[in-house]
Amino acid sequence: MATTMLKALNKSLHDALSEDEKVILLGEDIGTLGGVFRVTDGLKSEFGEHRVVDTPLAESGIVGTAIGLAYRGYRPVVEIQFDGFTYPAFDQLVSQLAKLHYRSRGRVKMPVTVRIPYGGGIGSPEHHSESPEAYFAHTAGLRVFAPSSVEDAYTMLRQAITCDDPVIFFEPKRRYHEKSDAELIEPEPDSSPKARVVREGNDVTMVGYGPTTYTLIDAALAAEDEGTSLEVIDLRSLDPLDFDTIAQSVQRTGKLVVVHEASRTAGLGAEICAEITERCFDYLEHAPLRVTGFDVPYPPSRLESHHLPDLDRVLHAVDAVMAHHEATEGAAQ
Amino acid sequence: MSTQHMDVAAGCLPTHQLLNVDGKRIPDEELDHHLKDLKEADLADFLRDMVVLRRMDNEATALQRQGQLGLWAPLLGQEAAQIGSVRATEDDDFIFPSYREHGVAWARGVKAEDLLSVWRGAQASGWDPNEVNIACQQIVIGSQALHAAGYGMGIKFDGGKQVSVAYFGDGATSQGDVNEAMIFAASYQAPVLFFCQNNQWAISEPVALQSRTQIADRAHGFGLKTWRVDGNDILAVYAATKAALAHARHGLGPTFIEAVTYRMGSHTTADDPTRYRKTEQLEEWKAKDPIDRLVKYLHEMGADVQSYEQRAQNAADDMAAQLRAAITTMEDPKVQELFSNVYAEKHEPTQRAAKEYLDYLGDFSGGE
């Protein structure tokens, strides 16, 4: 039976609450309302107001109290209502949550999951469409997950909640209503998400995550019509990054394009291109390219189609790395 | 307008004082019964605690001057506020301290050398939070208040009998986190005590820059049962803390104590208070010294003060000798610790970076 990403996330939270009585949900409007996106729909009535907790409107307060609950032995899962409202909690995320295990020399664990609906393309006002993942991938002590598919949303959220480290969990909100017939699978114990090859190909390695994974699949289909074979990799985990999977692919294709909605400068694309260049320098036939949001504040929604990497911009980058390839192939003949 | 001339408006709440500056006992209808179990021996222990603490503070400042510590944040003058409050807690009440609560940690059994090791730079935390029921010390001002609120929410949700205690200073009351913490604690009626040591100064900024009303009056506005006490009067601090903890244990929700005291030393050893405050103010507060006041009270009681003072002095000497020996021979942490405990679970990039760096160092260790 088809299910949506929203329902898969809801079931993931439901199953986590059922499995471990120390799991507790905190956030604005998550109880009685079921969350502004309804991810937590029905959970308060089933598990009670002490397991699914409506909080005052204070993001630092939500994350900070989750830290206190973790000190008490709880396994909090907090919801930040929208990506752009994460920043009031920045100190608690970066200076507290990320560092307490290190600060306490391993004596205090912080198994806190911070769910953040993120990304653009939904026609919303400012602060509702951002992609702040690089801040957290840059912060030692945090893990960063970004599922793209319905089934990954279920499995990876279970993995995040059982993980003894804090996990920033980015949910691609414009895919929330995505349907899938795939079975929702419980993760293996102690497993963590690895990059997955969504679609195999030989000519160019295409790396994305979250919502851009689908842009890359579309690009692969379009490129196929023109005789170009794209390998699409969905990162799933942004920290740790699974460079091995990317490197194995690039060693075959010799070409890399990284795509994300977040701004370009000091974004994850920069890190991936640098690391892959270090690892695969002798295999590369063209400089790795990035297709990203621009280095501008997230624009008014009537401009967002220009800001978000779309099929054409992605294919343009593919053409660029392939043109060089074709030129050298041609010269050799 | 210069911040030096700001005044804090007269408050709505009385300032409880059970011992005046001459050590005379002042009856307090509301708080006296919280002292009923306190024996002379307990007062002698308070004296010992405060004397040891002051000595530790002096030793630490000296060790910093000698280059043994990178920095030290003195608590000179705040001994009664810290000892009086922590001695009122039960061992399983969980405490969330700032970086200046040396007395709180020491009273819970943390050794002076472990406390100072953090200021030496040998480790990031001087104790195991699970052993002494004290969270890691907090350096970001006020952040720990939210952790205390969350811990208190946990107590409330799982039906525990403990109380969660947040320590912070007057400066921290300007932070959003402290205000949010009071909101959360009040909303869930969580058993949390917010213990504010108003030591009059946030580095160079006087308390009037943080609050134009008395701090305790603001807490009241969050719906917290609040007491304002003379923080240099150990009996008032102890009694108010007992009252607050009882309030929480009876399920009546969060409380706030403003302990009015004075930071007689510098903010840290890197600070120079002569740039921003007058000697007269310091002299004025020296007359209110918390240790002198307890000694005077013990004299009033007719106790054998000399023997108590001698005992306290001996304890301070023992602590100081052990501290100096431990600090001056303390080894630096092993380089592996640089990479340890960043994550609780396997994290391949960190492990790879550790291996690469250790291999790199190993390349030099083989000699010529």
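Axes here are lines fitted to C-alpha atoms, for helices over the stretch in contact, and angles run from 0 to 180 degrees between N-to-C directions. This is a predicted model, in which local features need pLDDT of at least 70 and side-chain atom pairs count only at pLDDT 80 or more, while totals for chains, interfaces and linings use all residues. Residues are numbered from 1 along each chain as its sequence is written, and chains are lettered from A and ligands numbered from 1 in the order in which they are written.

**View 1. Helices α3(A) and α7(B) pack against each other.** Helix α3 of chain A, residues 59-71, and α7(B) have axes 9 Å apart and pack at an angle of about 70° (helices are DSSP runs of H or I, at least four residues, numbered from the N terminus). The two helices are therefore roughly perpendicular, a term for angles of 65 to 115 degrees. Residues of α3(A), including Gly61(A) and Thr65(A), meet residues of α7(B), including Asp177(B) and Phe184(B).

**View 2. The side of chain B that touches chain A.** The contact takes 34 residues from chain B and 34 residues from chain A, where two residues are in contact if their C-beta atoms, placed from the backbone, lie within 7 Å. In chain B, α5 (129-132), α6 (143-158), α7 (176-187) and α14 (348-365) each supply at least two residues of this side, and α6(B) gives the most, with eleven residues.

**View 3. The surroundings of Ala166(B).** Not counting residues up to four places away in sequence, Ala166(B) touches Phe96(B), Gln144(B), Ala145(B), Ala148(B), Ala181(B), Val192(B), Phe194(B) and Phe195(B).

Note on methods: Angles under 35 degrees count as roughly parallel, over 145 as roughly antiparallel, 65 to 115 as roughly perpendicular and the rest as oblique.
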